[in-house]
Amino acid sequence: MEALSNILQPYKAIVGTVAAVVTIGQMFSGSFLCYDIYKQKGTKGVGIMPFIGGLVMSVLNLKYGFILRDDTMIQVNFVGCAINIVYLMIYFNYSAQKGLVWAQIGAGGAISAALIGYSEYEDPKLIETRFGTIITAFMFYLIASPLFNLKTIIKNKSTEGMPFPIIMSGSVVTFTWLLYGIILNNSFLVLQNVVAVMLCSAQLALFAIYPSKPKGKERKPKAKKVD
């Protein structure tokens, strides 16, 4: 990896800038799902997990930014928090199960509060590594979550309900950070994003194999009226 790092060193600034830009761009990928919700006037086929997960991830990374005293990380994740709150408001507005949505949002808030509370009591010498590991584990969970319904996807031969814009943008983001990790010769960052790229690739492969709608739900041509 060190040899590849040396080869890519001249491109460090470019790759770093691209990684930052696509990370911010990924935060807006949820707008495609919100547009689908708006068009159908409901949340059918669109899960809330990408929005709750996005908010929790932004909150945790915001806290991590304060731990590292990284202004860029703080600013980016503050924007991420605001964007995901808007997404959740849209989802809640069109959801037919508002009680369930409140419960799911509450669960996400409880997880965030518990982890932030833990960070306040952890040993300052250990918090950076341990909190970073927690965020990484949670990131893997979010990326892999669409695969939890793999049995249903194979049974229905459809990727309906899988958030393609988020998965696609996530693939681009993790790949750029993988390159940046190689340039930095940072084994932790490389391992983190290798796993993320593999998970995203597995999900993209499902889109290549199965259509977005089950065959039974494809629109049939309307019968012509007989005079």
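# An all-helix chain and its contacts

The UniProt record, an unreviewed entry, lists residues 13-35, 47-67, 73-92, 99-119, 131-150, 162-183 and 189-210 under "transmembrane region". The structure shown here is a predicted model. How do two of the listed spans look in it? Residues 13-35 are 91% helix and 0% strand. The end C-alpha atoms of residues 13-35 are 35 Å apart. Residues 131-150 are 75% helix and 0% strand. The end C-alpha atoms of residues 131-150 lie 30 Å apart.

## The whole chain

How many helices and strands does the protein have? The secondary structure comes to ten helices and zero strands. Read from the N terminus, the elements run α-α-α-α-α-α-α-α-α-α. The C-alpha trace spans about 80 × 40 × 30 Å along its principal axes.

The protein has 227 residues, and 39% of them are buried.

## The nonpolar cores

Which residues have the most contacts inside the largest nonpolar core? They are Phe 51, Leu 60, Tyr 91 and Phe 131, in a core of 35 residues. Several elements give two or more residues to this core: helix H3 (30-40), helix H4 (49-68), H5, H6, helix H7 (124-144) and helix H10 (187-209). A second, separate core has seven residues, including Leu 8, Tyr 180, Ile 183 and Val 190.

Look at Leu 60 in detail. Leaving aside neighbours within four places in sequence, Leu 60 is in contact with Ser 112, Leu 115, Phe 131, Ile 135 and Phe 138. One of these partners, Phe 131, is also among the residues with the most contacts inside the largest core.

## Salt bridges

A search of the whole structure finds three salt bridges.

| Pair | N to O distance |
|---|---|
| Asp 36 and Lys 39 | 4.0 Å |
| Glu 120 and Lys 63 | 2.5 Å |
| Glu 122 and Arg 130 | 3.1 Å |

Start with Asp 36 and Lys 39. Both are in helix H3, three residues apart, so about one helical turn separates them. Asp 36 is partly exposed, with a relative accessible area of 33%. Lys 39 has 51% relative accessibility, so Lys 39 counts as exposed.

Next come Glu 120 and Lys 63, whose side chains meet in a salt bridge. Which parts of the chain does this pair tie together? Glu 120 lies in helix H6 and Lys 63 in helix H4, so the pair joins parts that are 57 residues apart in sequence. Is Lys 63 buried or exposed? Lys 63 is buried, because its relative accessible area is 18% and the cut-off for buried is under 20%.

The remaining pair is Glu 122 and Arg 130. Glu 122 counts as buried, at 14% relative accessibility. Arg 130 is partly exposed, with a relative accessible area of 41%.

## Three loop residues

Tyr 11 is found in the loop between helix H1 (2-8) and helix H2 (12-27). At 46% relative accessibility, Tyr 11 is partly exposed. Tyr 11 forms a nonpolar surface patch with Ile 14 and Val 18. Together the three have about 290 Å² of accessible area.

Ser 95 sits in the loop between helix H5 (71-94) and helix H6 (98-121). Is Ser 95 buried or exposed? Ser 95 counts as buried, because its relative accessibility is 7%. Residues up to four places away in sequence aside, Ser 95 touches Thr 43 and Val 101.

Pro 146 lies in the loop between H7 and helix H8 (150-156). Pro 146 is buried too, with a relative accessible area of 13%. What does Pro 146 contact beyond its neighbours within four places in sequence? The contacts are Ile 153, Met 162, Pro 163, Ile 167 and Gln 203. Pro 146 and Lys 12 are 134 residues apart in sequence. In space, their C-alpha atoms are 32 Å apart.

Note on methods:
Residues are numbered from 1 along each chain as its sequence is written. This is a predicted model: local features need pLDDT of at least 70, side-chain atom pairs count only at pLDDT 80 or more; totals for chains, interfaces and linings use all residues. Side-chain values use heavy atoms; hydrogens and water are left out. Helices (H or I, at least four residues) and strands (E, at least two) are DSSP runs, numbered from the N terminus. Buried means under 20% relative accessible area, exposed over 50%, partly exposed in between (1.4 Å probe, protein chains only). Contact means heavy atoms within 4.5 Å. Patches are made of residues with over 30% relative accessible area and no salt bridge: like charges are joined within 9 Å, nonpolar side chains (Val, Leu, Ile, Met, Phe, Trp, Tyr) within 5 Å. Accessible areas come from the Shrake-Rupley method with a 1.4 Å probe; for residues, only the protein chains shown count as cover. UniProt positions are given in the numbering used here, feature names are shortened, and annotations may be inferred rather than shown by experiment. A nonpolar core is a set of buried Ala, Val, Leu, Ile, Met, Phe, Trp, Tyr and Cys residues joined through side-chain atoms within 4.5 Å.
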